[in-house]
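Trainee: I would like to go through the charged side-chain pairs with you, one at a time.

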Amino acid sequence: MNDKQEEQFLEMLARCERTVFKVCLFYTDRQPDNIRDMYQDIVCNLWKAWSSFRGDSTENTWVYRIALNTGATQLRRRSRAPSIIRLTDEMVQSLVDRGQEELADRLYRLIDCLGNADKSLILLYLDGLPYKEIASITGIAENTARKRVERIKQKLITLNEGHDGNNN
């Protein structure tokens with residue numbers, strides 16, 4: 001790659017860095033070293049694929065595809081469920097206001113109970129992406145994406161009610 005392509009890549013990465021970070025949070029146990037490792041793997045995969053980015057989708061959609069695939073691949077390699085660990089104050093402050101720290105932690109613990117495919121869908125939904133873009137990223141029909149997200153939301157409600165009863 002030439003200097004111009006490298007510069008364009010770095011600019012794209014700066015624009016999409018929040019997306020990469022969110023995927024790292026969803027696919028790790030949220031320990032700083034594991035987040036850094038996941039971030040590095042995603043960026044390496046983005047770099048390898050950069051020359052093939054044709055602009056058929058938005059940069060963020062393209063980044064989501066690669067980041068979600070990288071996260072799912074790493075989880076399969078580890079072949080065990082991630083540990084449920086409280087977010088550090090530093091990470092939480094970058095995502096939510098202090099007053100919502102406990103709520104965000106609870107949501108992440110509930111999401112940790114989901115399978116990989118459901119985690120991917122709910123991440124995209126929580127990021128505010130329209131169903132059309134969620135469908136494009138995941139390769140499923142828009143109506144299917146909508147129905148699956150509704151089922152996942154119901155599953156999270158049920159899990160939350162179960163945790164309330166267990167005082168978790």
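The questions and answers that follow concern salt bridges and the exposure of their residues.

Mentor: Keep in mind that this is a predicted model, in which local features need pLDDT of at least 70 and side-chain atom pairs count only at pLDDT 80 or more, while totals for chains, interfaces and linings use all residues. Residues are numbered from 1 along each chain as its sequence is written, and side-chain values use heavy atoms, with hydrogens and water left out.

Trainee: How many salt bridges does the structure hold?

Mentor: A pair counts when a side-chain nitrogen of Lys or Arg lies within 4 Å of a carboxyl oxygen of Asp or Glu. By that criterion, the number of salt bridges in the structure is eight.

Trainee: Which residue forms a salt bridge with R15?

Mentor: The closest N and O atoms of this pair are 2.7 Å apart. The pair links distant parts of the chain, 44 residues apart, with R15 in helix α1 (residues 3-26) and its partner in helix α3 (residues 59-78); helices here are DSSP runs of H or I with at least four residues. The partner of R15 is E59.

Trainee: Is R15 buried or exposed?

Mentor: Buried means under 20% relative accessible area, exposed over 50%, and partly exposed in between, with a 1.4 Å probe and protein chains only. Because its relative accessibility is 52%, R15 counts as exposed.

Trainee: Which helix holds both E142 and R146?

Mentor: Their side chains meet in a salt bridge at 3.4 Å, N to O. The two residues are four residues apart, about one turn of the helix, and that helix is α8 (residues 142-166).
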